Amino acid sequence: MDTHAVYQLFSATYHSDPNVQKQAEGQLRQVEGTPGFVSILVQILGSEEIEVATKQAVSIYLKNRVRSSWVSEDVTTHNIIPIDQQDRDTFKANILGILVTVPNPVRVQLLDSLNRVLANDFPNKWTDYMNQVHSFLGTNDAKTAYVGLLALQQVIKVYQWRIEDKSPLVEIIQSSFPITLQMAQSLCNENSLDAAEMLRIIIKTYNIAIQYELAEHLQDNSSLVPWVALMLQIVEKDIPQEMLPEDLEERQKFIWYRVKRRSCQNLNRLFSRYGNPAQLGQSSTKYTAFAENFIQQFGPQILRAYLQQTDRWIKKEIWLSQKVLSFFAEFYRDALTHKLTWQIMKSYAETLVTHFIFPQLCFSEEDEELWVDDPVDYIHKKLDPFEDFSAPVAAVITFLMNLAKHRNKFIFKKILNFINNILETYRDAPPESKNPRQKDGALKMIGCLSDLIMRKKSGIAHLMESFFTTYVFPEFQSQYPYLRARACDMLMRFNKMDFENKANLAVAFRGVTTCMRDTELPVRVQACLSLQVMIQHESVRNALIPNLPMIMQELLNLTNQIDADTLSGVMEEFVEVFSEELTPFAIQLTEQLRNTFLRIMQDYQDSAAVPVSGELVDSVELDISDKTMAASGVLKTITTLLLSLESTPELLSQLENALLPVLTYSLENAIIDLYEDIFDIIDTCTFSTKQISQTMWGIFELLYKTFKDTGIDYIEEMLPCLDNYILYGTQFFIQNTTLQRMIYDIIETVMTSDRLTESERICGCKLIESVLLNCRGIVDQYVGPFIDLVFKHLSNTKSTSLTNFRFYCIEAVINCLYYNPLLTLHIFEERNLTQTFFSIWFENIKKFSRVHDKKLTVVTLCSLMEIPVEQLPSILQTGWPQVLDVILTIFKSLPKAEENRNEIEKMYDNESSDDNDDNDRETEGESENKGEQAAGDDDGWEDDDDNVQDDDTEYLEFLAREAARKTIADNEDDDDDPLEEEILFESPLDKVDVYIKFHEVFVGVQQHYPTSYNLLTKNLDTEKQNFIMKIFNIADERRKNLENNTNENDNN
């Protein structure tokens, strides 16, 4: 195929006629594996005569082709034809030159392709790459040098998170960073946008290089001094006022402030990860010498530069972006942990609190503009905890909290006095002089410190109730909506506070419920979030009961308006706490939740269908993500509601029909992000009703199609549903060969697919067990295939590194024996597996630690005992006495296993009971409990100027220790690790008493098969005989108890 023909095909891929597009895409798929095809694409990209739209189509196609097919030629990948070697050479020879000439939208796609190729080929298969890069960096042409910087960045990215074989990165840094440093020092003196963009790439590349480790070359002062000086020069660089955009949002993204931001990020990274001895954990001891040098030489220098810039910002001499201010706050947070930098900060601390932290926490004009113009977006950014965590102001809040906690003796009371002065000034000022924005900031500050304030050592926890009555409660009626919202937020922040005067609790409750009917959307949402924490009080719960339907309706209405999962936790909490009261409204509530879900998903579908240009992609993806999270929140509420109705199966049956559109829509449209929630609902419905309705059988077919199309990776989440269908729908299942074939297909796919891990293959073994235990005598045709599927793994020791998977494989075959011992033994003999399997089984008998495993072993061996020994394979006849020995071994450990399971069941029941009784217990002795909570743990209150280790460092150290421990554990033999009891697992064996079963079988063999009996018992000594009699006595006792229970039930 010639270049012009390929060009025509790509031009057709963005034709206005979708049929033309589809035809062109089909033709491209037919020729993409042809040698020379990628070379034609390179030629098109390099041509100056081809329009941008076609080049962009080619670049996107090439990116996807490289992602899937730039693999070693000796690697065979299903349905993928590796790219021809000559095409690879053409790509590598031309890609950097093409990057110089193409526009940015095309360049972005090609850089992704370059990165993928480097990850696969560099350095061994692309030995001259760095020579090409250095050649580009050494040119006087700005565009070429810029591409050289991008090319360097891509190869650095290849090693960013790589742990092993990082020697090429060391060589790259040593040879390239001095060049880019010299370029950056020159660029820093310019003001042009092009200079800023090149600087941004240089500084970002440095950032990538230091993320995980700090190379020795970069630790040396010969490198460190000029790089730190450069980045401080950038931080301190004055941006000409005339260059700044007028629009504030555009100014936040202005290129020079992005360079400043990235420089701050690098300086902070050097300090917090490598250069602050107070934050170095045991896993970072190799940087101890570097840290001691950095804290002395560079820490104070960076801190003073930041403080100087902060002072100029406070005086309004300069403008700084929110991101830059955020990085300043992060550095201050870390600098206060070391005594050297703290001594410098100490004299500035009050100024930082009053003029740096406080203004950023006040309700700003930008906040008000967002509130008015787009209240939903305001809620997402300001009230959603996940959004707020990543917001620039989050760093300021963390700095405030750490300052108050770690340097509390010096600053804590000063902070409280400052807040108190703001609030008193507001209270005493005439209406026309009040500054509501400042009051909001003061309340937000004290809300951020709520955890510290409620500790006994703070000395003010007991004063907070009067604080609320004086400064918080009046704002429920404020003329400023953001202060009404703040009043609700304060109740959330101080959720551990006990109101000694119940009249004050009533005032708080009335204020929140009034705000739930506010005209402003953010106020209503904040009120609902506050109400969630207030239901811990019994009086609040009692007051809410008459209005529950109205409140649930309001929560649904708000969810419809904001399309996020902000309120999903509130709805779940209400459904769980008020399950009994909501039961009469269950159908109505379910229908409302269903309608809300379908409405959200319609919006989701509309958003996903809208074609978008490059700059809009991120915002559309965020919108879609918000909608899926909102839908997931609704589904979780539905699941909670279903669980609360577990004792009313007839009502659950009605709810199944109401939920049918939810399940159908999600599965038919393959909404993968919701699969886990959907499977939870199906599991809850089928498990709680203990039957499979025609409605749910219809869903089973969709489940099967989902598994085949997009759901194989969710087999672990899908397993409980599939097991329920077999367990509770046995009668229908055994009569329907189509359903049986579907289940077998799922099992076969799970046991053979390369996409699944051994842990996931356990699901296949469990499904085999479910089929064989529930369909005895019906599925003979699948016994042989089951054995073949399992033995592919049992006979290959390399594929069974996960001991638990090996165990489940063994158990799957045991189930075949129990299902039909003669048929299974016949298959064993045909495949020469008898000795192999019984050796594997009996050698691993200690692994059968759970009650279910032991019962399965006993009933299976009993079923073998019922076969006359003459009909058994000769290898079994030889070792026949060992069968009885294994049974006795199991019985010796069974009481302990049953005791362990009973304890776990009690713990599970107690946890469920605790969840239900939490609110009651909190009310009983509320003052005492709250007093304990207020006292809290006083750890973290520092009273001197020494170094402190913050919580983040401790947590990272914990993660490092856990990772090391897991690595050791993974490398050790875990054959002796016991499997955990599965409390919610049900099977037909639950109804079998193995003591009675063994007694009956043993006596039966003695009476009817004397030859078998004599061979079985020939090695019995007195101890074993006595133990058998003990088993018989237990069997008699259990039989009597069973008969007594049956008689009592009959009488009842």
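Biologist: Which side chain does D121 join through a polar contact?

Modeller: A polar contact is a pair of N or O atoms within 3.5 Å; within protein, one must be able to donate a hydrogen and the other to accept it, and residues adjacent in sequence count only if both atoms are side-chain atoms. Here the side chain of D121 meets that of W70 at 3.2 Å. Before going on, note that this is a predicted model, in which local features need pLDDT of at least 70 and side-chain atom pairs count only at pLDDT 80 or more, while totals for chains, interfaces and linings use all residues. Residues are numbered from 1 along each chain as its sequence is written, and side-chain values use heavy atoms, with hydrogens and water left out.

Biologist: Where does D121 lie, and is D121 buried or exposed?

Modeller: Helices (H or I, at least four residues) and strands (E, at least two) are DSSP runs, numbered from the N terminus. D121 is in helix 6, residues 104–121. Buried means under 20% relative accessible area, exposed over 50%, and partly exposed in between (1.4 Å probe, protein chains only). With a relative accessible area of 3%, D121 is buried.

Biologist: What does the side chain of T398 have beside a polar atom?

Modeller: The backbone oxygen of A394 lies 2.9 Å from that polar atom of T398. T398 belongs to helix 23, residues 392–406, and counts as partly exposed because its relative accessibility is 28%. T398 and E330 are 68 residues apart in sequence, yet 8.0 Å apart in space, C-alpha to C-alpha.

Biologist: How many salt bridges does the structure hold?

Modeller: A salt bridge is a side-chain nitrogen of Lys or Arg within 4 Å of a carboxyl oxygen of Asp or Glu. The structure holds 38 of them. One is between R200 and E197, whose closest N and O atoms are 2.9 Å apart. Both residues lie in helix 10 (residues 193–209), 3 residues apart, or about one turn of the helix.

Biologist: Why does E197 count as buried?

Modeller: E197 counts as buried because its relative accessibility is 19%.

Biologist: What is the closest N to O distance in the salt bridge of K502 with D498?

Modeller: For K502 and D498 the distance is 3.6 Å. K502 is partly exposed, with a relative accessible area of 46%, whereas D498 is buried at 13%.

Biologist: Which residue does R755 meet in a salt bridge?

Modeller: R755 meets D713, at 2.4 Å from N to O. This pair links distant parts of the chain, 42 residues apart: R755 is in the loop between helix 42 (737–752) and helix 43 (758–774), and D713 is in the loop between helix 39 (694–711) and helix 40 (715–728). R755 counts as exposed at 52%, and D713 as partly exposed at 36%. Elsewhere, salt bridges that share partners join K766, E811, R850, D853 and E982 into one network.

Biologist: Which residues form the negative surface patch?

Modeller: Patches are made of residues with over 30% relative accessible area and no salt bridge, like charges being joined within 9 Å. Asp and Glu count as negative. The patch here consists of D247, E249, E365, E366, E369, D373 and D374. Helix 20 (residues 365–373) gives the most to the patch, with 4 residues. E366 lies in helix 20 and counts as partly exposed at 42% relative accessibility.

Methods:
Patch = residues over 30% accessible without salt bridge, like charges linked within 9 Å, V, L, I, M, F, W, Y side chains within 5 Å. Areas by Shrake-Rupley, 256 points an atom, 1.4 Å probe, with all protein chains shown as cover. Charge placed at Lys NZ, Arg CZ, Asp CG, Glu CD.
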